[in-house]
Amino acid sequence: MCEKCRENSSRPFTSRSIMPSRRSFLLAASTMGLMLTRAAGAKEKKAPPKPGNVLSPDAALKRLQEGNARYVEGLARRHDFKHEREALVGGQNPYAAILSCADSRIAPEYAFDSGRGDLFVCRVAGNFADEDMIASMEYAVAVLAVPLILVLGHEGCGAVDATIKSLKDDKELPGHMQSLVEAIAPAVKAVSQQGAKGETPGDTLGNAIRQNVIDNVAKLKSTTPLLSAAVEQGKLKVVGGIYRLGDGKVGLVA
Ligand SMILES: [Zn+2]
C-alpha cells in the first residue's frame, strides 16, 4: 500500500468525506421521485387518440368550414375507418360538438367531411337545447374538452314549420310531438312579433329557423355553471349555422 492509500484508509470517516455521496444520493432519490410522479401523472392523463383534434375554438371552426367546403365541392376525403376504429378503442377527443336537427338530409359527419371521433353530435328535431341536450354539451365541453359548439339548423325544417302551423291554427300536435312545438314556439313568436335579426320579409319559416338557431346559441352560451364559464375563459366558442339543402353549404348566423 502506498503512503497515500495508507493515509486515506487510516483516516476515519468524517462528515466532510461522507457529505458529497449522501448529497448525491438524496439528489438522485429526489430526481427519481419527481420522475415517478411525472410518469404517474402522464399515465393518468393519457395522450388523446386524435392529437390533431386538440384545437383552439377558432381553429376548430376553421376546420369545420374547410370540411364543409370540401363537402360542397364534392371533394370529401376518403376516411380510413379501420385505422380510426383501432385508435378510438380507448377514448375520444372530438374537435367540435354539434346540436343538429334530426332531419335525415342533414348528416353532420358528411356535411363537415369528418371521420369517427371528430364530432360529438346531438340531434333532435328542431335543434333546440333542452336539459338533456345541455347535459350532453356539458359532457362534451367539461369532460372531452371540446372547444366549439355549433347549433345547426337547416332550410325547410319540418319541426319549425309544424310549430308555425300549430301556433297559427291553435291546434296541438298528436302524441308527444307537442313537446317540439313548445320548445320551438319562442323563436316563432319572436319572429312574428318583432322580426328576426337579418330576416327576409315574408319568409316566416326561414326567419323562424334562423331565430331558433340564434336563440339556442345564446342559451348554450349563457347556461351556468359549466358552459358559460368555459365561454368566459375563452376555452369554448358557441356558433350557429344554417344548412342549405340545395348545395350543402353551411352559413353562419350567430
Ligand atoms: Zn329540421
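Burial, ring pairs and a zinc site

Student: Why does Phe 120 count as buried?

Tutor: Its relative accessibility is 16%. Buried means under 20% relative accessible area, exposed over 50%, and partly exposed in between (1.4 Å probe, protein chains only), so Phe 120 is buried. The model is predicted: local features need pLDDT of at least 70 and side-chain atom pairs count only at pLDDT 80 or more, while totals for chains, interfaces and linings use all residues. Residues are numbered from 1 along each chain as its sequence is written, and side-chain values use heavy atoms, without hydrogens and water.

Student: What makes Tyr 71 and Tyr 243 an aromatic pair, and of which kind?

Tutor: Rings of Phe, Tyr and Trp (its six-membered ring) pair if their centres lie within 6.5 Å; planes under 30 degrees apart are stacked, over 60 edge-to-face, the rest tilted. The centres of Tyr 71 and Tyr 243 are 6.4 Å apart with 45° between the planes, hence a tilted pair.

Student: Why is Tyr 71 called partly exposed?

Tutor: Its relative accessible area is 27%, whereas Tyr 243, at 3%, is buried.

Student: Which protein atoms are donors of the zinc ion, and how do you know?

Tutor: Donors are N, O and S atoms within 2.8 Å of the metal (3.2 Å for Na, K and Ca); water is not among the atoms, so sites may look incomplete. Cys 101 (SG), His 154 (NE2) and Cys 157 (SG) lie 2.0 to 2.3 Å from the zinc ion and therefore qualify.

Student: Are Cys 101 and Cys 157 buried or exposed?

Tutor: Cys 101 is buried, at 4%, and so is Cys 157, at 2%.
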